[in-house]
Amino acid sequence: MKPHQQKWIRHFENNRLNRREPEWDLPFAMEEKKRRALAWSLAEYQLGDGGGPCCLIARDADAYRASSDSTQRVTDMWFREEAEHSRLLSGAVTRLSGTFVTDTFAFRQFQRVRRFMGAQFEMLVLLQVEIISTVYYRIIRKHCDDKPIADMCGLILRDETGHISYHRDRLCADHPRGWNAIQRAWFYFLGYACAVVLWLGHGRALRDIGMRNGDFFAQVHRGLRGFVRSVGRRARRWRIEAVIAEKGNSCATAHSC
Ligand SMILES: [Fe+2]
Ligand SMILES: [Fe+2]
């Protein structure tokens with residue numbers, strides 16, 4: 001088992017505890033324009049955030065999951081939290097008297113891309129979506145003016161922060177020397193592409209609930225840049241820890257001889 005997988009299995013187990021369900025039955029009062037925008041946007045998000053096939057669907061997904069018991073376990077635990085997001089979002093859509101969405105053109109294309117490329121690419125794209133989604137949920141939490149929906153965003157943000165950190169460890173384990181310039185450029189390119197898709201679909205709704213122009217892409221940029229920098233930092237830290245551990249082992253061997 002890779003060392004980080006044990007840590008993340010523990011994390012996902014602990015993260016199931018102390019989850020306070022949003023109080024969906026609290027009295028509801030919201031300006032109609034905001035209600036309509038939120039209901040529409042969150043209904044689409046309910047489909048995308050765990051509401052569709054809630055597992056890896058790349059052509060080699062089974063081979064990836066079967067690579068070790070711990071890989072299978074940690075991947076399944078990650079997707080179990082995604083299914084929980086869909087359940088929470090259903091509560092918000094119901095509260096907003098929205099109409100559930102079961103299929104969209106963008107959703108079908110996204111599934112197609114995920115299926116076509118390999119599992120590693122699929123997970124990279126899902127990571128991008130998670131980074132962009134944290135921006136989306138922060139904006140919703142800030143502007144929704146509704147405690148249960150804001151609490152729901154808080155729960156999802158707590159999970160997504162863990163998911164992003166899990167991917168950071170996973171990528172650092174696969175790239176112990178960190179990313180090179182081409183990998184970083186590719187990451188930014190994919191990230192901005194995902195952000196543009198989300199903006200085209202939800203930008204108007206976000207503006208309708210009170211987000212200022214420019215906020216979205218400024219936060220996306222900070223999220224992507226923060227992730228890229230943290231991959232470099234964590235890979236460096238792991239290399240130093242490995243050198244220290246190696247020195248410790250060789251000292252212990254020398255003393256025991
Ligand atoms: Fe999610
Ligand atoms: Fe996630």
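Guide: Before we start, one term: a residue is buried if 20 or more other C-beta atoms lie within 10 Å of its own, exposed if 12 or fewer, and partly exposed in between, with C-beta atoms placed from the backbone. This is a predicted model, where local features need pLDDT of at least 70 and side-chain atom pairs count only at pLDDT 80 or more, while totals for chains, interfaces and linings use all residues. Residues are numbered from 1 along each chain as its sequence is written, and chains are lettered from A and ligands numbered from 1 in the order in which they are written.

Visitor: Okay, so is Ala 173 exposed or partly exposed?

Guide: Ala 173 counts as partly exposed, because it has 15 C-beta neighbours inside 10 Å. You'll find Ala 173 in helix α7; helices (H or I, at least four residues) and strands (E, at least two) are DSSP runs, numbered from the N terminus.

Visitor: What does Ala 173 touch?

Guide: Leaving out residues up to four places away in sequence, Ala 173 touches Lys 2 and His 4. Being in contact means that the C-beta atoms of two residues, placed from the backbone, lie within 7 Å.

Visitor: And how far is Ala 173 from Pro 27?

Guide: They are 48 Å apart in space, C-alpha to C-alpha, and 146 residues apart in sequence.

Visitor: Zooming out, how many helices and strands are there?

Guide: The protein has 9 helices and 0 strands. The C-alpha trace spans about 80 × 40 × 35 Å along its principal axes.

Visitor: What about contacts between residues at least 6 apart in sequence?

Guide: Of those, 88% join residues at least 24 apart.

Visitor: How much of the protein is buried?

Guide: Of its 257 residues, 30% count as buried.

Visitor: Which residues have the most contacts inside the largest nonpolar core?

Guide: Those are Leu 42, Ala 92, Ile 132, Tyr 136 and Ile 140, in a core of 41 residues. A nonpolar core is a set of buried Ala, Val, Leu, Ile, Met, Phe, Trp, Tyr and Cys residues joined through C-beta atoms within 7 Å. At least two residues of this core come from each of α2 (32–48), α4 (69–95), α6 (119–143), α7 (147–174), α8 (181–208) and α9 (215–256). The largest share, 11 residues, is supplied by α6.

Visitor: Let's switch to α4. What span should it have?

Guide: At 1.5 Å times one less than its number of residues, the 27 residues of α4 should span 39 Å, and its end C-alpha atoms are 40 Å apart, which agrees. Its buried residues include Val 74, Trp 78, Glu 81, His 85 and Ala 92.

Visitor: What do those buried residues pack against?

Guide: The buried residues of α4 pack against α1 (3–15), α2, α3 (61–65) and α7.

Visitor: What follows α4?

Guide: Ser 97, with a positive phi near 55°, although Ser 97 is not a glycine. It sits in the loop between α4 and α5 (105–116), and Ser 97 counts as exposed because it has 10 C-beta neighbours inside 10 Å.

Visitor: Where is Asp 145?

Guide: Asp 145 is in the loop between α6 and α7. Its phi is also positive, near 55°, in a residue other than glycine. With 14 other C-beta atoms within 10 Å, Asp 145 is partly exposed.
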